[in-house]
Amino acid sequence: MGQFLMPSLGADMEAGTLIEWLKSPGDAVSNGDLIAVVETQKGAIEIEAFEDGILEEYLVGIGKKVPVGTPLAIIRTKGEAPVERAVQEKAPKPEPPVPVPAATSPTPEPAPTPAIPLQTDRVRITPAALRLAQSKGIDPRTLGDIGTGPGGALTLADIERANPPSPVNPMDGMRAAIAAAMTRSKAEIPHYYLAHTVDLTAAQTFVDQTNADRPPEARLLLGALYLKAVAKALRKYTEFNGYLTDGQFHPASAINTGMAITIRGGGLVAPAILDAANLNLDDLMTSMRDLAARVRTGRFRATELTDATITVTSLGERGVDQLFGVIYPPQVAIVGIGTPREHPFAVGGAVEERLTTTITLSADHRVSDGHRGALFLRAIDKHLQKPEKL
Amino acid sequence: MTQTDIETLLKDELHRIAPDIEINEIDRDEDLREEFDIDSLDFLNLVTALGKALNTPMPEADYPQMGTYNEMIAYLTQKTA
């Protein structure tokens, strides 16, 4: 009998709110199936099952906020007898178990975000009034005894009179989550920093030539070349790819480059592009566009958030010359890529105007040192000089 | 397609990428990407959507003609004329 737990989606997550079940009791589930959607400070995240079996029962109701590690459902593995339903049904319906004390903290939950479906089992409300409440972003549980219908039920008129909750800035939560992770990073990780200026002329020429006769949906961006160059360099410099946990470095077997994506209105996430070193540039572009689109609409998968083994953060076309990233624990390195600009650059004994950028590395001194870091940056540079081989 | 139709399409697509920006609050003769705070991936998605909706190629070499909101309208009007 397996338990399906509220996953930890990064160093900065303590709890999540279950907002949707994608499987019902009795459904077969396989490893990798999407099974539920959880609202976190980073938005709505689809989470996957990690074993094969039958979804036996839900342990947590929609709208419930629970700490990381809380069992959300029971998954019966193949060959196990089903739980004796008849006995359970005669007994009084038990409250869903609340396994972690923090979940019962007496402090009230912060005002719900409008995306959270309403839990109405304890509120008497007419269907029309419920629909109106949902469209106004009002949780009827918060209205108190204002119902004027039969038995104190909330009617359409009651909801019309009720004021929507004052808007809560959803980014405050994300700001706090970023602050917590970065504080931990700066407190625990002995960072060192390196910068290296790279000639991007060959890379840009390759992109221009590739895109010249391609429709927009098939075009490349420099960002795809950066990710591939970093991923290829990591094949050799493995001490920058993995996690430091329990005082030990665990190199990752796969190279999953996290791509920092800003969220409109504030904050950022760095979901992973899985196995980036083995994707060709077109597949990388497809993954990047897909991830960015889903980050913007606020829905992506748990594994994309947790599986990054290193992060790449790029300022794009409208930034500044260089940035030094802060490592996202438990990762051990972050590569920063500045805005490409025309600069005077020495080439073969002459000074020419070239498109250049500054690539930086922030890395964990417990795992590597500047000598290896410098070789890693030079390897990224070398790969960018031969874009046709990426 | 009239210029009004094109403008409606452009507004819709920009709104999809940048729902927090009011078209009326931007300077239509300033850099489109800066006014809407969109990055190169967003811009590529915008061009992809417009090209599909209008069934017109929008080659990368023409990007300089799409620098501002007004330039983009003029470009699309001329392409679909």
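Modeller: What follows begins with conventions, goes on to the charged side chains, and ends with the backbone.

This is a predicted model, in which local features need pLDDT of at least 70 and side-chain atom pairs count only at pLDDT 80 or more, while totals for chains, interfaces and linings use all residues. Residues are numbered from 1 along each chain as its sequence is written, chains are lettered from A and ligands numbered from 1 in the order in which they are written, and side-chain values use heavy atoms, with hydrogens and water left out.

Over all chains, the search of the whole structure finds 16 salt bridges, a salt bridge being a side-chain nitrogen of Lys or Arg within 4 Å of a carboxyl oxygen of Asp or Glu. In chain B, B:Glu7 and B:Arg28 form one of them, at 3.1 Å from N to O. This pair links distant parts of the chain, since B:Glu7 belongs to helix H1 of chain B and B:Arg28 to the loop between H1 and H2 of chain B, 21 residues apart; helices (H or I, at least four residues) and strands (E, at least two) are DSSP runs numbered from the N terminus. B:Arg28 has 24% relative accessibility and so counts as partly exposed, where buried means under 20% relative accessible area, exposed over 50%, and partly exposed in between (1.4 Å probe, protein chains only).

A second pair, B:Arg16 and B:Glu13, meets in a salt bridge at 3.2 Å from N to O. Both residues lie in helix H1 of chain B, 3 residues apart, which is about one turn of the helix. With a relative accessible area of 60%, B:Arg16 is exposed, whereas B:Glu13, with 13%, is buried.

The loop between helix H1 (3-17) and helix H2 (32-36) of chain B also holds B:Asp27, a residue that is partly exposed because its relative accessibility is 36%. B:Asp27 belongs to a negative surface patch, together with B:Asp29, B:Glu30, B:Asp31, B:Glu34 and B:Glu71. Such patches are made of residues with over 30% relative accessible area and no salt bridge, like charges being joined within 9 Å and nonpolar side chains (Val, Leu, Ile, Met, Phe, Trp, Tyr) within 5 Å.

In chain A, A:Asp199, A:Glu352 and A:Arg354 are linked in a network of salt bridges. Within it, the closest N and O atoms of A:Arg354 and A:Glu352 are 3.2 Å apart, and A:Glu352 is partly exposed, with a relative accessible area of 33%.

Turning to the backbone, A:Asp275 has a positive phi of about 55° although it is not a glycine; A:Asp275 sits in the loop between strand S15 (272-273) and helix H7 (281-296) of chain A and is partly exposed at 33% relative accessible area. B:Asn55, likewise not a glycine, has a positive phi of about 50°; B:Asn55 is found in the loop between helix H3 (40-54) and helix H4 (69-80) of chain B, and its relative accessible area of 71% makes it exposed. Finally, a cis peptide bond, with omega about 5°, joins A:Pro329 and A:Pro330, and A:Pro330 is part of the loop between strand S17 (310-314) and strand S18 (333-337) of chain A.

Terms used:
Accessible areas come from the Shrake-Rupley method with a 1.4 Å probe; for residues, only the protein chains shown count as cover. Lys and Arg count as positive and Asp and Glu as negative; His and the chain ends are not counted. The place of a charge is taken as NZ of Lys, CZ of Arg, CG of Asp or CD of Glu.
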